[in-house]
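This report covers a sheet, a helix and a ligand site. The sequence and structure come next.

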Amino acid sequence: MPASRRGSGSQNLPTGQTTLAMHTRTQDEEDLPHATKKTMVDHLRKYESAFTLTPQRMRMITEAFKDTLEHGLKEYGQIVPMIPTYVFGWPTGEEKGDFLAVDLGGTNLRVCLVTLQGEGKFEITQTKYRLTEEQKHGDGEKLFDFCAECLQTFINTNTPEDGTGLIKPGQELALGFTFSYPCAQERIDHGQLIRWTKGFGAHNTEGRDVAAMFRTSLEKLHLPVKLTALINDTTGTLIASHYVNPRTKIAVIFGTGCNAAYMENVSEIGKIDNLGIEKSAQMAINCEWGAFDSFQHEHLPRTKYDQIVDETSNKPGEQAFEKLISGRYLGEILRLVICELTDEGVLFLGQNTYKIEKAYSFDTAFLSLMESDPTEELLMIIGIFSHFFALETTLAERQFFRALARLVGRRAARLSACGIAAIVGKMGYLEEGCAVGADGSLYNKYPKFADRVHEGLQDIFGDKGRNIVTHHAEDGSGVGSAIIAAMTKIRKEKGIYAHV
Ligand code: BGC
């Protein structure tokens, strides 16, 4: 047992009794054995080399990534599955009408009514419902029953009998189901869950058609809806962003999970040759790139902290790329470094560290807050450590924590740039340039994340990297889902590839 860590949390009284350390001191007091500034700087150097990615290494990762993407288009069953979505080409902007969207992808369940008004305009009304841990890990059928119940509540609320509501009594609506986990699709309203990600683990679901499961739940409640399309959040984001900004060619999500989608030429998707789709057509591909380098771990620079995150996750070996990048894991990576230094007796001697020892207790939002602390004394960091972990810190320690957050956050952004660069390279977008619609808490809330992605693109491509610009995406899971439901309805009515 690491003496320093346990010893720090307890003190022996002369009677032999053990008592917890008190936390009434302030950081100005000198009696706690804090690490010196020099010690922290020395430690930082060690972590700098573990977490820093050189431009050369980034180019190597990008190349390997590109090969993986190409491979996934040719054959089924690849680690990065490159899933054909049956979303054919771009929206025209003229899609119109009312559509429902249910979005199951992370912390919340969201139900939306989207009115597409044409010319790239829309209105949206939505309600969010919190998912419990029990629902995420309980029985899959119950999870879909809950989704259907929330949809029922939403429809009832918006359909007053006097006909003055957003939904008219008797109106049947097309429903887009945004389900942001990897699903192998044989057609647009079907999807077999390959694996849960982002810590979800509802049983009785992997390997099954989640669209069919949801349809069963909808039928139980006799809801006036038709599940028209099963959509990944990235595909929705791609379509919604292009709807308002036609320069958008790629969509990425950097949130609890991470992933990308882009529009591919059907002639390049060898594995669907047998479907009789014209080679000149285009189809959106949901890359599921979070799985890059899973199991083999050949290409990505994993530190021992990344390995621990992986081994202690509910899905060891899987989602290797995602585990270095996404919001679900960054806080945990940083926490593991802090715990290592606590074990070594460098940090928090004489203090009780049980709170920070708890897995996943260090939220990724803390990294953003630490990086953006504007005060010289780093008051925000004092607050985080004292309020959430009952720990006192010195300025030198706080500067170290901030630098560490920067290393972990910067590595995530630079790896993300490698993924974007792989798609850009594959599609030949570098010269003409393109816009990349980006969404997710990391992209939207982490300071400098976007700048670091852009800087990474320049490290990979040189000056031309400036031609690739990310921008905050439109609401893919709501608006995107509605546009796709509309596109699908039009396509099927016209009998275009009606079998998929
Ligand atoms: C899922 C993807 C999703 C991404 C972002 C990943 O964990 O596998 O389907 O697009 O998270 O939500």
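Two strands are taken to pair if DSSP finds at least two bridges between them. In this predicted model, strand β4 (residues 96-104) and strand β7 (residues 173-179) meet that condition, with six bridges in the parallel sense. One of the contacts joins Ala101 to its bridge partner Gly176 in β7.

Both strands belong to an open sheet of five strands, whose order is β6-β5-β4-β7-β10 and whose pairing is mixed. At the edges are β6 and β10 (225-231), each of which pairs on one side only. On average, neighbouring strands of the sheet are turned by 25° against each other, with direction ignored. In a regular strand, side chains alternate between the two faces of the sheet.

## The β5-β6 hairpin

Strand β5 (residues 108-118) runs antiparallel to strand β6 (residues 121-130), and ten bridges link the pair. Thr115 stands opposite Glu123 of β6. The two strands form a hairpin with two residues between them. In the turn, Glu119 has a positive phi of about 55°.

Lys121 is a residue of strand β6.

## Helix α7

Helix α7 (residues 233-244) has twelve residues. From its first C-alpha to its last, helix α7 reaches 17 Å, close to the 16 Å expected at 1.5 Å a residue.

Eleven of the twelve residues of α7 are buried, so the helix is largely enclosed by the rest of the structure. Among the buried residues are Asp233, Gly236, Leu238, Ile239, His242 and Tyr243. An α-helix has 3.6 residues a turn, so residues three or four places apart point the same way.

## Ligand surroundings

The ligand is surrounded by 17 residues, and the closest are Ser180, Thr197, Ile253, Gly257 and Asn259. By type, the shell divides into four nonpolar, nine polar and four charged residues. Helix α7 and strand β12 (258-265) each supply at least two residues of this shell.

## Annotated domain

An unreviewed UniProt entry places the feature "domain: Hexokinase N-terminal" at residues 44-243. Over that range the chain is 36% helix and 27% strand, and the end C-alpha atoms are 45 Å apart.

Terms used:
Residues are numbered from 1 along each chain as its sequence is written. This is a predicted model: local features need pLDDT of at least 70, side-chain atom pairs count only at pLDDT 80 or more; totals for chains, interfaces and linings use all residues. Helices (H or I, at least four residues) and strands (E, at least two) are DSSP runs, numbered from the N terminus. The expected span of a helix is 1.5 Å times one less than its number of residues. A residue is buried if 20 or more other C-beta atoms lie within 10 Å of its own, exposed if 12 or fewer, and partly exposed in between; C-beta atoms are placed from the backbone. UniProt positions are given in the numbering used here, feature names are shortened, and annotations may be inferred rather than shown by experiment. A residue is near a molecule or strand if its C-beta atom, placed from the backbone, lies within 6 Å of it. Ala, Val, Leu, Ile, Met, Phe, Trp, Tyr, Cys and Pro count as nonpolar, Asp, Glu, Lys and Arg as charged, and the others, Gly among them, as polar. Axes are lines fitted to C-alpha atoms, for helices over the stretch in contact, and angles run from 0 to 180 degrees between N-to-C directions.
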